[in-house]
Amino acid sequence: GITPEYIQTNGIDTNRVLHIPIEHLEQLKFDISKRLESIDRDDRVIIFVDSVGNLASKKEVEDALDGKSVADMSRAKVMKSLWRIVTPHLTIKDIPCVAINHTYQTMEMYSKPIMSGGTGGMYSSNKVLFISKAQDKDKTSKELLGYDFTINIEKSRLVKEKSKFTFNVKFDGGINK
């Protein structure tokens, strides 16, 4: 990820980048809503969250500290609340937000990937992309050369949904343009 050390060693203007470590979903909800309230439509801002799918709820963290191993049924509600609060700000103020999430497979006869964390993220998003990767190996030596990434357009207002785009990234040479 983009850590403060990465920012300093790669010549990024630290006055223009905020790196805000977050411990749980509620902290993200409170922090992002407070910051969005102070942003004007003319401000040039983009928000990255890496990763919302890996954030625990406050209850989950407290249960772990207390030595409890109970299931947390509040996480999906907190996640949906987060999207309900931030979506109007993002839309009205024209602020892009890139949030990385997890997927899991449904239990249907023909399983398909769905986004974790409830339906709030799916409903409030303008674009949902599922990215998968496969190994790119040399046919004769079986040596790993890189990866083939496939972007599946799950939801979009600009691109035909269910479209698939594949691109190759080699260790020697980078992205195949």
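## Two helices side by side

In this predicted model, the axes of helix α2 (residues 25-37) and helix α4 (residues 75-92) come within 10 Å and cross at roughly 10 degrees. Axes are lines fitted to C-alpha atoms, for helices over the stretch in contact, with angles from 0 to 180 degrees between N-to-C directions. The crossing angle makes α2 roughly parallel to α4 (angles under 35 degrees count as roughly parallel). Helices (H or I, at least four residues) and strands (E, at least two) are DSSP runs, numbered from the N terminus.

Where the helices meet, the residues of α2 include Leu25, Leu28, Ile32 and Leu36, and those of α4 include Val78, Leu82, Ile85 and His89; contact means heavy atoms within 4.5 Å. By class, the contact of α2 with α4 has 10 nonpolar, 3 polar and 4 charged residues. Here Ala, Val, Leu, Ile, Met, Phe, Trp, Tyr, Cys and Pro count as nonpolar, Asp, Glu, Lys and Arg as charged, and the others, Gly among them, as polar.

## An open sheet

The order β5-β6-β7-β8 describes an open sheet of 4 strands with antiparallel pairing. Two strands pair if DSSP finds at least two bridges between them. β5 and β8 (174-175) stand at the edges with a single partner strand each, so one side of each has no neighbour in the sheet.

Strands β5 (residues 128-137) and β6 (residues 144-155) run antiparallel and are joined by 10 bridges. Val128 has Lys155 as its bridge partner in β6, and Phe130 has Asn152. The two strands form a hairpin with 6 residues between them, and Lys142 in the turn has a positive phi of about 65 degrees.

## Aromatic rings

Rings of Phe, Tyr and Trp (its six-membered ring) pair if their centres lie within 6.5 Å; planes under 30 degrees apart count as stacked, over 60 as edge-to-face and the rest as tilted. The count comes to 3 aromatic pairs. One of them is Tyr147 with Phe171, edge-to-face at 5.9 Å centre to centre and 85 degrees between the planes. Tyr147 is in strand β6 and Phe171 in the loop between β7 (164-170) and β8, 24 residues apart.

Phe149 and Phe167 are stacked, at 5.6 Å and 20 degrees. Phe149 lies in β6 and Phe167 in β7, so this pair ties together parts 18 residues apart in sequence. Ring pairs link Tyr147, Phe149, Phe167 and Phe171 into a cluster.

## Basis of the values

Residues are numbered from 1 along each chain as its sequence is written, and side-chain values use heavy atoms, leaving out hydrogens and water. Local features need pLDDT of at least 70 and side-chain atom pairs count only at pLDDT 80 or more, while totals for chains, interfaces and linings use all residues.

Conventions: Parallel < 35°, antiparallel > 145°, perpendicular 65-115°, else oblique.
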